[in-house]
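Welcome! Please take a moment to look over the structure below, and then follow the notes to find your way around it.

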Amino acid sequence: MSEPVSALQGAIFEGLVKVEEAGPCGMITLRGDLASTQVKTAATGVAGVDFPGQGEANCAGDKGLCWMSPDEILVLCPYDQAGAGVAAIDKLLAGTHYLATNVSDARARFVVSGLDAREVLAKLTPADMSPAGFAPGRFRRTRLAQVPAAFWMRDEHMFEVICFRSVAQYVFDILTAAATPGSEVGFF
Amino acid sequence: MLILHCPYCGVDADETELSPGGEAHLKRAGPGTPDDAFERYLFHRENPKGVHFERWRHASGCGKWFHAARCTVTMEVFGTYPAQVTEPPQEICDRITGKRPGWSWGAFS
(Lines give C-alpha, C1' and ligand atoms only; values in the text may rest on other atoms or scores of the structure.)
Protein backbone atom coordinates (compact mmCIF):
# COMPACT_ATOMS: atom_id res chain seq x y z
CA MET A 1 0.00 0.00 0.00
CA SER A 2 1.17 3.53 -0.75
CA GLU A 3 2.39 5.70 2.11
CA PRO A 4 0.19 8.67 3.08
CA VAL A 5 1.87 11.98 2.29
CA SER A 6 0.69 15.05 4.16
CA ALA A 7 0.45 18.40 2.41
CA LEU A 8 3.74 19.91 3.63
CA GLN A 9 5.41 16.74 4.91
CA GLY A 10 5.80 17.94 8.45
CA ALA A 11 7.11 21.44 7.80
CA ILE A 12 8.13 23.21 11.02
CA PHE A 13 8.68 26.88 11.84
CA GLU A 14 9.88 28.21 15.18
CA GLY A 15 9.38 31.87 15.91
CA LEU A 16 7.06 33.58 18.36
CA VAL A 17 5.31 30.23 18.43
CA LYS A 18 6.00 26.85 16.93
CA VAL A 19 4.04 26.16 13.75
CA GLU A 20 4.06 22.55 12.71
CA GLU A 21 2.32 20.72 9.92
CA ALA A 22 0.92 17.82 11.88
CA GLY A 23 1.14 15.02 9.35
CA PRO A 24 -1.57 12.62 8.21
CA CYS A 25 -4.69 12.68 10.36
CA GLY A 26 -7.92 10.76 9.87
CA MET A 27 -10.95 12.97 9.30
CA ILE A 28 -14.47 11.82 8.55
CA THR A 29 -17.24 14.24 7.63
CA LEU A 30 -20.56 12.99 8.95
CA ARG A 31 -23.66 14.89 7.90
CA GLY A 32 -27.12 14.15 9.12
CA ASP A 33 -29.58 15.07 11.85
CA LEU A 34 -27.28 15.70 14.81
CA ALA A 35 -30.25 15.43 17.18
CA SER A 36 -30.73 11.80 16.17
CA THR A 37 -29.46 9.25 18.67
CA GLN A 38 -28.33 6.98 15.85
CA VAL A 39 -26.12 9.65 14.31
CA LYS A 40 -24.68 10.52 17.72
CA THR A 41 -23.98 6.88 18.47
CA ALA A 42 -22.28 6.40 15.11
CA ALA A 43 -20.01 9.40 15.70
CA THR A 44 -19.14 8.63 19.31
CA GLY A 45 -18.61 4.98 18.40
CA VAL A 46 -15.75 5.88 16.06
CA ALA A 47 -14.27 8.72 18.11
CA GLY A 48 -14.75 7.29 21.60
CA VAL A 49 -15.52 10.70 23.13
CA ASP A 50 -18.72 12.43 24.24
CA PHE A 51 -20.81 14.16 21.59
CA PRO A 52 -19.98 17.90 21.51
CA GLY A 53 -22.54 20.68 21.82
CA GLN A 54 -22.93 23.60 19.43
CA GLY A 55 -19.56 25.18 18.63
CA GLU A 56 -17.59 22.70 20.71
CA ALA A 57 -14.82 20.19 20.15
CA ASN A 58 -14.21 17.09 22.28
CA CYS A 59 -10.79 15.66 21.64
CA ALA A 60 -8.79 13.00 23.41
CA GLY A 61 -5.42 11.99 21.99
CA ASP A 62 -5.72 11.63 18.23
CA LYS A 63 -9.48 11.04 18.35
CA GLY A 64 -12.21 13.60 18.68
CA LEU A 65 -15.46 15.12 17.55
CA CYS A 66 -15.85 18.69 16.28
CA TRP A 67 -19.18 20.49 15.76
CA MET A 68 -19.04 21.93 12.23
CA SER A 69 -22.62 23.08 11.63
CA PRO A 70 -26.15 22.10 12.74
CA ASP A 71 -26.01 19.11 10.41
CA GLU A 72 -22.31 18.29 10.22
CA ILE A 73 -19.84 16.75 12.62
CA LEU A 74 -16.14 16.14 12.04
CA VAL A 75 -14.81 12.84 13.35
CA LEU A 76 -11.07 12.76 14.07
CA CYS A 77 -9.19 9.49 14.28
CA PRO A 78 -5.79 8.02 13.39
CA TYR A 79 -5.18 8.20 9.65
CA ASP A 80 -5.25 4.46 9.06
CA GLN A 81 -8.56 4.04 10.91
CA ALA A 82 -10.60 6.49 8.83
CA GLY A 83 -11.66 3.92 6.25
CA ALA A 84 -12.81 1.51 8.93
CA GLY A 85 -14.54 4.40 10.68
CA VAL A 86 -16.60 5.23 7.60
CA ALA A 87 -17.48 1.56 7.21
CA ALA A 88 -18.62 1.39 10.84
CA ILE A 89 -20.77 4.51 10.39
CA ASP A 90 -22.23 3.15 7.12
CA LYS A 91 -23.16 -0.08 8.87
CA LEU A 92 -24.85 1.67 11.78
CA LEU A 93 -26.73 4.28 9.75
CA ALA A 94 -27.74 2.12 6.76
CA GLY A 95 -31.22 3.08 5.58
CA THR A 96 -31.23 6.50 7.28
CA HIS A 97 -30.59 9.90 5.72
CA TYR A 98 -26.91 10.68 6.28
CA LEU A 99 -23.57 11.11 4.53
CA ALA A 100 -20.19 9.92 5.72
CA THR A 101 -16.98 10.53 3.78
CA ASN A 102 -13.31 10.08 4.48
CA VAL A 103 -11.84 13.56 3.94
CA SER A 104 -8.42 12.87 5.49
CA ASP A 105 -6.54 13.62 2.28
CA ALA A 106 -8.58 16.72 1.49
CA ARG A 107 -7.33 18.65 4.47
CA ALA A 108 -4.16 19.80 6.15
CA ARG A 109 -3.67 20.12 9.89
CA PHE A 110 -1.34 22.40 11.79
CA VAL A 111 -0.37 22.61 15.43
CA VAL A 112 0.37 26.12 16.67
CA SER A 113 1.91 26.07 20.12
CA GLY A 114 3.52 28.60 22.40
CA LEU A 115 2.69 31.38 24.82
CA ASP A 116 1.67 33.73 21.99
CA ALA A 117 -0.45 31.21 20.06
CA ARG A 118 -3.61 33.23 20.71
CA GLU A 119 -1.99 36.35 19.41
CA VAL A 120 -0.67 34.71 16.24
CA LEU A 121 -4.16 33.48 15.33
CA ALA A 122 -5.77 36.78 16.30
CA LYS A 123 -3.65 38.48 13.64
CA LEU A 124 -5.23 36.28 10.98
CA THR A 125 -8.85 35.72 11.95
CA PRO A 126 -11.82 37.97 12.71
CA ALA A 127 -12.91 35.58 15.50
CA ASP A 128 -12.72 36.76 19.10
CA MET A 129 -9.48 35.19 20.36
CA SER A 130 -9.53 36.66 23.87
CA PRO A 131 -9.45 34.10 26.70
CA ALA A 132 -13.09 35.01 27.43
CA GLY A 133 -14.11 34.57 23.79
CA PHE A 134 -12.30 31.34 23.00
CA ALA A 135 -11.16 28.62 25.37
CA PRO A 136 -10.20 24.95 25.25
CA GLY A 137 -13.26 22.90 24.30
CA ARG A 138 -14.53 25.49 21.83
CA PHE A 139 -14.41 24.97 18.07
CA ARG A 140 -14.53 27.76 15.52
CA ARG A 141 -14.91 27.67 11.75
CA THR A 142 -13.79 30.97 10.37
CA ARG A 143 -11.20 32.32 7.98
CA LEU A 144 -7.44 32.79 8.27
CA ALA A 145 -6.52 35.79 6.12
CA GLN A 146 -8.18 34.88 2.84
CA VAL A 147 -9.07 31.22 3.20
CA PRO A 148 -11.57 29.24 5.28
CA ALA A 149 -10.12 27.34 8.22
CA ALA A 150 -11.15 25.97 11.57
CA PHE A 151 -9.37 25.64 14.86
CA TRP A 152 -9.71 24.46 18.40
CA MET A 153 -7.46 24.45 21.46
CA ARG A 154 -5.80 21.41 22.85
CA ASP A 155 -4.73 23.36 25.92
CA GLU A 156 -4.22 27.00 26.88
CA HIS A 157 -1.18 27.42 24.62
CA MET A 158 -1.76 24.93 21.84
CA PHE A 159 -4.08 25.30 18.87
CA GLU A 160 -4.94 22.81 16.20
CA VAL A 161 -5.76 24.39 12.85
CA ILE A 162 -7.32 22.63 9.87
CA CYS A 163 -7.72 23.95 6.34
CA PHE A 164 -8.11 22.62 2.84
CA ARG A 165 -5.04 20.82 1.57
CA SER A 166 -4.93 23.01 -1.53
CA VAL A 167 -4.21 26.07 0.63
CA ALA A 168 -1.86 24.34 3.10
CA GLN A 169 1.24 26.22 1.91
CA TYR A 170 -0.64 29.53 2.09
CA VAL A 171 -1.82 28.87 5.63
CA PHE A 172 1.67 27.78 6.70
CA ASP A 173 3.11 30.97 5.18
CA ILE A 174 0.64 33.32 6.89
CA LEU A 175 1.06 31.52 10.21
CA THR A 176 4.83 31.84 10.01
CA ALA A 177 4.54 35.50 8.95
CA ALA A 178 2.27 36.17 11.94
CA ALA A 179 4.78 34.37 14.17
CA THR A 180 7.83 36.29 12.97
CA PRO A 181 10.09 37.01 15.97
CA GLY A 182 9.81 40.64 17.01
CA SER A 183 6.23 40.99 15.78
CA GLU A 184 4.58 40.36 19.14
CA VAL A 185 1.72 42.67 20.08
CA GLY A 186 1.17 41.57 23.66
CA PHE A 187 -2.55 42.23 23.62
CA PHE A 188 -3.70 39.09 25.42
CA MET B 1 -18.23 46.82 9.63
CA LEU B 2 -21.25 44.64 10.19
CA ILE B 3 -21.34 41.93 12.84
CA LEU B 4 -24.25 39.54 12.35
CA HIS B 5 -25.31 36.79 14.72
CA CYS B 6 -25.57 33.51 12.80
CA PRO B 7 -28.81 31.86 13.95
CA TYR B 8 -27.45 28.41 13.03
CA CYS B 9 -24.06 28.21 14.71
CA GLY B 10 -24.56 30.94 17.29
CA VAL B 11 -21.42 32.80 16.24
CA ASP B 12 -21.27 36.60 16.07
CA ALA B 13 -19.76 36.68 12.61
CA ASP B 14 -17.79 39.55 11.23
CA GLU B 15 -18.81 40.81 7.79
CA THR B 16 -15.61 39.44 6.26
CA GLU B 17 -16.70 35.94 7.26
CA LEU B 18 -20.01 36.29 5.42
CA SER B 19 -21.15 36.47 1.81
CA PRO B 20 -23.95 38.87 0.92
CA GLY B 21 -26.96 37.26 -0.77
CA GLY B 22 -28.97 40.29 -1.82
CA GLU B 23 -32.54 41.18 -1.01
CA ALA B 24 -34.55 38.91 1.26
CA HIS B 25 -38.00 37.42 0.72
CA LEU B 26 -38.05 37.53 -3.07
CA LYS B 27 -40.86 35.48 -4.49
CA ARG B 28 -40.04 33.76 -7.74
CA ALA B 29 -42.23 34.57 -10.74
CA GLY B 30 -42.52 31.15 -12.31
CA PRO B 31 -43.53 29.90 -15.78
CA GLY B 32 -46.65 31.52 -17.23
CA THR B 33 -46.34 34.80 -15.35
CA PRO B 34 -46.72 38.01 -17.38
CA ASP B 35 -43.57 39.74 -18.54
CA ASP B 36 -43.93 42.70 -16.19
CA ALA B 37 -44.19 40.43 -13.14
CA PHE B 38 -41.13 38.50 -14.28
CA GLU B 39 -39.27 41.75 -14.84
CA ARG B 40 -40.15 42.87 -11.32
CA TYR B 41 -38.91 39.59 -9.90
CA LEU B 42 -35.71 39.61 -11.90
CA PHE B 43 -34.61 43.23 -11.82
CA HIS B 44 -36.56 45.42 -9.41
CA ARG B 45 -35.00 45.65 -5.98
CA GLU B 46 -35.64 47.60 -2.83
CA ASN B 47 -32.99 50.23 -2.22
CA PRO B 48 -34.15 51.84 1.00
CA LYS B 49 -32.62 54.50 3.16
CA GLY B 50 -33.42 52.88 6.47
CA VAL B 51 -34.90 49.50 7.35
CA HIS B 52 -33.73 46.73 5.02
CA PHE B 53 -33.97 42.94 4.87
CA GLU B 54 -31.15 40.93 3.36
CA ARG B 55 -29.90 37.40 2.89
CA TRP B 56 -26.43 36.49 4.10
CA ARG B 57 -24.43 33.30 4.05
CA HIS B 58 -22.01 32.31 6.79
CA ALA B 59 -19.52 31.36 4.10
CA SER B 60 -16.35 30.88 6.12
CA GLY B 61 -18.26 29.44 9.04
CA CYS B 62 -21.09 26.92 9.13
CA GLY B 63 -22.04 27.61 5.50
CA LYS B 64 -25.72 28.31 6.20
CA TRP B 65 -27.92 30.99 4.66
CA PHE B 66 -29.85 33.28 6.98
CA HIS B 67 -31.78 36.56 6.99
CA ALA B 68 -30.80 39.84 8.55
CA ALA B 69 -32.81 42.99 9.26
CA ARG B 70 -30.75 46.14 9.52
CA CYS B 71 -30.75 49.88 8.94
CA THR B 72 -28.81 51.04 5.87
CA VAL B 73 -28.24 54.48 7.39
CA THR B 74 -26.88 53.65 10.84
CA MET B 75 -25.83 50.02 10.17
CA GLU B 76 -27.84 49.08 13.25
CA VAL B 77 -28.76 45.39 13.14
CA PHE B 78 -32.32 44.72 14.32
CA GLY B 79 -31.91 40.98 14.28
CA THR B 80 -31.15 37.86 12.28
CA TYR B 81 -33.41 34.89 11.68
CA PRO B 82 -33.32 31.53 9.87
CA ALA B 83 -33.76 31.20 6.12
CA GLN B 84 -36.81 28.92 6.16
CA VAL B 85 -39.40 31.70 6.28
CA THR B 86 -41.16 33.78 3.62
CA GLU B 87 -41.60 36.86 5.77
CA PRO B 88 -39.84 38.42 8.77
CA PRO B 89 -40.87 36.93 12.14
CA GLN B 90 -43.25 39.06 14.23
CA GLU B 91 -40.63 39.45 16.93
CA ILE B 92 -38.22 41.13 14.50
CA CYS B 93 -40.98 43.38 13.11
CA ASP B 94 -41.94 44.44 16.64
CA ARG B 95 -38.34 45.27 17.45
CA ILE B 96 -38.06 47.42 14.33
CA THR B 97 -41.36 49.17 15.13
CA GLY B 98 -39.96 50.01 18.56
CA LYS B 99 -36.96 51.70 17.02
CA ARG B 100 -38.29 52.98 13.67
CA PRO B 101 -42.04 53.64 14.14
CA GLY B 102 -43.96 53.71 10.88
CA TRP B 103 -41.35 51.73 8.91
CA SER B 104 -42.29 49.86 5.78
CA TRP B 105 -40.36 47.68 3.38
CA GLY B 106 -41.91 46.07 0.32
CA ALA B 107 -45.12 44.43 1.47
CA PHE B 108 -44.09 44.47 5.14
CA SER B 109 -44.56 47.16 7.75
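In this predicted model, strands E5 and E6 of chain A form a hairpin, with two residues between them.

**Strand E5 of chain A and its partners**

- Five bridges join E5(A) to strand E6 (residues 72-77) of chain A, and the two strands run antiparallel.
- Within this pairing, Trp67(A) has Ile73(A) of E6(A) as its bridge partner.
- E5(A) also pairs with strand E4 (residues 57-60) of chain A, again antiparallel, through four bridges.
- Look for Cys59(A), which stands opposite Gly64(A) in E5(A).
- E4(A) and E5(A) make a hairpin too, with two residues between the strands, and here Gly61(A) takes a positive phi near 65°.
- Is E5(A) largely enclosed or largely open, and why? Six of the seven residues of this strand (residues 63-69) are buried, so the rest of the structure largely encloses E5(A).

**Helix H2 of chain A**

- Helix H2 (residues 82-93) of chain A has twelve residues, and the distance from its first C-alpha to its last is 16 Å, close to the 16 Å expected at 1.5 Å a residue.
- Which residues of H2(A) are buried? They are Ala82(A), Gly85(A), Val86(A), Ile89(A) and Leu93(A).
- Seen down the helix axis, these buried residues of H2(A) fall within an arc of 100°, so they line one face of the helix.
- Here is a handy general rule: an α-helix has 3.6 residues a turn, so residues three or four places apart point the same way.
- On the face of H2(A) turned away from its buried side, you will find the exposed residues Ala84(A) and Lys91(A).
- The cover over the buried residues of H2(A) includes strand E3 (26-31), helix H1 (37-47), E6 and strand E7 (99-102) of chain A.
- Just after H2(A) comes Gly95(A), with a positive phi of about 90°.

**His52 of chain B**

- You can find His52(B) in strand E4 (residues 51-57) of chain B.
- Is His52(B) buried or exposed? Its relative accessibility is 9%, so His52(B) counts as buried, the cut-off being under 20%.
- Leaving aside residues up to four places away in sequence, His52(B) touches Glu46(B), Ala68(B), Ala69(B), Arg70(B), Thr72(B) and Trp105(B).

**Chain A as a whole**

- Chain A has four helices and eleven strands.
- A compact globule of 188 residues would have a radius of gyration near 16 Å, so the 17 Å of chain A agrees with that.
- The C-alpha trace of chain A spans about 55 × 40 × 25 Å along its principal axes.
- Of its 188 residues, 47% count as buried.
- Taking contacts in chain A between residues at least 6 apart in sequence, 60% join residues at least 24 apart.
- The accessible surface of chain A is about 8,500 Å², and 53% of it belongs to carbon and sulfur atoms.

**Chain B as a whole**

- What pattern does chain B follow along the sequence? The order is β-β-β-α-β-β-β-α, with two helices and six strands.
- For 109 residues, a compact globule would have a radius of gyration near 13 Å, and the 15 Å of chain B agrees.
- Along the principal axes, the C-alpha atoms of chain B fill a box of roughly 40 × 35 × 25 Å.
- In chain B, 39% of the 109 residues count as buried.
- Chain B exposes about 6,100 Å², with carbon and sulfur atoms supplying 51% of it.

Terms used: Residues numbered from 1 in each chain as written. Chains lettered and ligands numbered in written order. Predicted model: local features only at pLDDT ≥ 70, side-chain atom pairs only at ≥ 80, totals over all residues. Heavy atoms only, no water. Buried < 20%, exposed > 50% of the residue type's maximum accessible area, 1.4 Å probe, protein only. Pairing = 2+ DSSP bridges. Contact = heavy atoms within 4.5 Å. Expected span 1.5 Å × (residues − 1). Arc of directions from axis to C-beta. Rg over C-alpha atoms; globule rule 2.2 N^0.38 Å. Areas by Shrake-Rupley, 256 points an atom, 1.4 Å probe, with all protein chains shown as cover.
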